[in-house]
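Dear colleague,

Please find below the structure for your records.

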Amino acid sequence: MEAFNVTFSEPPTFILMGLPGLEAAHIWIAIPFCACYTISLLGNFMLLFVIFKEQTLHKPMFLLLCMLMLADIGIATSVVPRALFIFLFNMKDITIAGCLTQMFFLHSVSLMQSAILVTMAFDRYIAICYPLNYATILSNTRIAKLGVVGSMRSVLFVLPLPVLMSRQPFCANRIIPHTYCEHIAVAKISCGDTTVNRMYGLVTAFVLIGSDLLLVVLSYGLIFRAVLRISSRKAHQKALNTCSAHICVMVTSFTLFFFSILTQRFGQGVAPHVHIILANLFYLFPPMLNPIIYGVKTKELREKVGKYTCKR
């Protein structure tokens with residue numbers, strides 16, 4: 001019988017190094033990563049459950065909060081499990097298709113989160129400046145439509161990133177000094193000209209996120225102007241209390257995002273593992289802190305959460 005030599009070629013892979021220079025501490029670094037991820041999942045799923053169960057919370061504000069919680073879960077899940085596999089089991093290989101898929105979901109959900117924060121700022125603006133018309137201007141159906149538009153925007157603007165990257169030739173040394181497939185980190189190991197990729201990524205990040213931030217600042221500028229016109233001190237405090245949770249979430253998210261982006265692109269003197277830790281903080285802290293902030297700052301939600309936790 002004639003023998004056939006059959007060889008199976010493995011798909012090309014990248015190697016995610018985790019935190020270069022801190023390999024010996026990977027197992028210890030996994031502990032805070034795991035703790036933050038667990039807290040974020042518990043907190044976000046708890047708020048989703050409470051809002052789903054309570055009919056009185058089926059309002060535009062809480063529908064937006066559900067969208068934010070889902071985005072937070074998506075962001076954390078795009079990054080942390082893969083990082084834990086690297087830290088705990090030294091599983092560093094990832095296929096090119098898997099890497100580009102992670103890149104797409106990570107950046108698209110991040111952009112979606114930014115759109116949700118803008119819509120939440122607009123929601124607070126309408127609630128404070130036009131309270132009598134709030135139900136007419138912002139219904140649950142309209143919020144859902146805005147959510148669909150935000151999702152489509154994210155997909156349309158992020159999809160070119162992995163498409164352009166998939167056409168790049170990659171060098172034999174396919175080591176990515178990162179915990180996940182971040183766009184710039186992948187572009188750095190390409191042997192081709194990545195000018196278009198880098199410029200598109202940079203412009204997309206700063207134009208879209210920058211415009212979102214500008215709209216948020218504009219909304220709150222109009223809110224503060226309206227609040228200052230109110231003569232009652234008690235009304236002042238009540239109006240500001242309705243915005244406090246969103247302001248905390250917004251400051252946390254946008255500050256970490258821009259700080260991470262700027263240090264990565266312009267902080268040549270900063271150690272590589274510092275860049276990576278800062279990038280991971282953006283995907284770790286907001287998903288963990290957001291449910292805590294809203295659970296503490298939003299009275300209506302706090303009471304409903306207390307109802308279920310005390311019952312347990």
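Helix α2, which covers residues 60-89, has 30 residues and reaches 43 Å from its first C-alpha to its last, close to the 44 Å expected at 1.5 Å a residue. Here the expected span of a helix is 1.5 Å times one less than its number of residues. Helices (H or I, at least four residues) and strands (E, at least two) are DSSP runs, numbered from the N terminus.

Please note that this is a predicted model, in which local features need pLDDT of at least 70 and side-chain atom pairs count only at pLDDT 80 or more, whereas totals for chains, interfaces and linings use all residues. Residues are numbered from 1 along each chain as its sequence is written, and side-chain values use heavy atoms, with hydrogens and water left out.

Helix α2 and the residue after it

Helix α2 bends by about 30 degrees at Thr77, and a proline, Pro81, follows within four residues. The bend at a residue is the angle between axes fitted to the seven residues ending there and the seven starting there. Of the 30 residues of α2, 21 are buried, so this helix is largely enclosed by the rest of the structure. Buried means under 20% relative accessible area, exposed over 50%, and partly exposed in between (1.4 Å probe, protein chains only).

Just after α2 comes Asn90, with a positive phi of about 55 degrees, although Asn90 is not a glycine. Asn90 is found in the loop between α2 and β2 (93-95). With a relative accessible area of 51%, Asn90 is exposed.

The chain as a whole

The secondary structure of the protein chain comes to 11 helices and three strands. Along the sequence, these elements follow the pattern β-α-α-β-α-α-α-α-β-α-α-α-α-α. The C-alpha atoms of the chain fill a box of roughly 90 × 45 × 45 Å, taken along the principal axes. Of its 312 residues, 47% count as buried. Among contacts between residues at least 6 apart in sequence, 80% join residues at least 24 apart; contact means heavy atoms within 4.5 Å.

The packing of α3 and α10

Helix α3 (residues 96-129) and helix α10 (residues 272-297) pack at an angle of about 35 degrees, with their axes 13 Å apart. Axes are lines fitted to C-alpha atoms, for helices over the stretch in contact, and angles run from 0 to 180 degrees between N-to-C directions. The crossing of α3 and α10 is left-handed, a term used if the near helix is turned anticlockwise from the far one by less than a right angle, with right-handed used if clockwise.

On the α3 side, Leu106, His107, Ser110, Gln113 and Met120 meet Phe282, Tyr283, Asn290 and Tyr294 of α10. The residues of this contact of α3 with α10 divide into five nonpolar, four polar and no charged.

Gln113, in helix α3, is buried, with a relative accessible area of 4%. Leaving aside neighbours within four places in sequence, Gln113 is in contact with Leu68, Ala71, Asp72, Ile75, Ser253, Phe282 and Asn290.

Helix α10 itself bends by about 30 degrees at Leu281. At 1.5 Å a residue, its 26 residues should span 38 Å, and the end C-alpha atoms of α10 are 37 Å apart, which agrees.

Other individual residues

Ser154 is found in helix α5 (residues 140-158) and counts as buried at 0% relative accessibility. Not counting residues up to four places away in sequence, Ser154 touches Ser108, Leu111 and Met112.

Val305 has its place in helix α11 (residues 299-311) and is buried, with a relative accessible area of 14%. Val305 touches Met46, Leu47 and Val50, not counting residues up to four places away in sequence. Val305 and Phe49 are 256 residues apart in sequence and 9.4 Å apart in space, C-alpha to C-alpha.

Arg198, in helix α8 (residues 195-228), counts as partly exposed at 32% relative accessibility. Leaving aside neighbours within four places in sequence, Arg198 is in contact with His183, Ile184, Ala187 and Lys188.

With kind regards

Terms used: Nonpolar A, V, L, I, M, F, W, Y, C, P; charged D, E, K, R; others polar.
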